[in-house]
Amino acid sequence: MGMPFLLSRLVLIIFVAHFAASKAAATRPGFIYTRTRGRCTPQFWSSRRESWPRMVPQRATVSKVFGSGVFERYGSDVTLLESTTRNDDENAFAGLLKQASAALLNSYAREGFPYSAWEVKTLLIQALVSKEAAATQAKQFFVANEACN
């Protein structure tokens, strides 16, 4: 047993140990806290990790996508992408828009999503009558968005 043989064995052992350690590190997060969000949440859609359905471009305004009934509440310049990134969920109408935008995207992109596109649009417009209705409908969209994969 010569020195080159032992050296090649040592290199092989180091390589295998490194490969096994990196494989194990890739399968479990360790001490780093990671929270994965579902593929149907507003946060997921705002991250742009997946291309948006062609029927609803990111730069489309909510008044064009949901109809003129939302113009009075949200104006003419809020885009779908902006609606998914909103952080003012304590406002019932802002939370409704955020969840409805994600639900609309899911209705086009996810087979088996519980709402069709026209249902999302209709329910959003119907929920604009009061804060209570908006909060209730936002919660229903939230549940559907969180349950979806």
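I looked up T61 to start: T61 is buried because its relative accessible area is 14%. Buried means under 20% relative accessible area, exposed over 50%, and partly exposed in between (1.4 Å probe, protein chains only). The model is predicted: local features need pLDDT of at least 70, side-chain atom pairs count only at pLDDT 80 or more, and totals for chains, interfaces and linings use all residues. Residues are numbered from 1 along each chain as its sequence is written, and side-chain values use heavy atoms, with hydrogens and water left out.

I then placed T61 in the loop between α2 (42-47) and α3 (62-66). Helices are DSSP runs (H or I, at least four residues), numbered from the N terminus. Leaving aside residues up to four places away in sequence, I found T61 touching S76, D77, V78 and T79. Contact here means heavy atoms within 4.5 Å.

Next I checked V16. I found V16 in helix α1 (residues 3-27). V16 counts as partly exposed because its relative accessibility is 47%. With L12 and F15, V16 forms a nonpolar patch on the surface, and together they have about 310 Å² of accessible area. Accessible areas come from the Shrake-Rupley method with a 1.4 Å probe; for residues, only the protein chains shown count as cover.

Last, I looked at the whole protein chain. I noted eight helices and zero strands. Of its 149 residues, 36% count as buried. Among contacts between residues at least 6 apart in sequence, 55% join residues at least 24 apart. The accessible surface of the protein chain comes to about 9,700 Å², with 59% belonging to carbon and sulfur atoms.

Definitions and conventions: Patch = residues over 30% accessible without salt bridge, like charges linked within 9 Å, V, L, I, M, F, W, Y side chains within 5 Å. Salt bridge = Lys/Arg side-chain N within 4 Å of Asp/Glu carboxyl O. Helix = DSSP H or I, 4+ residues; strand = E, 2+ residues; numbered from the N terminus.
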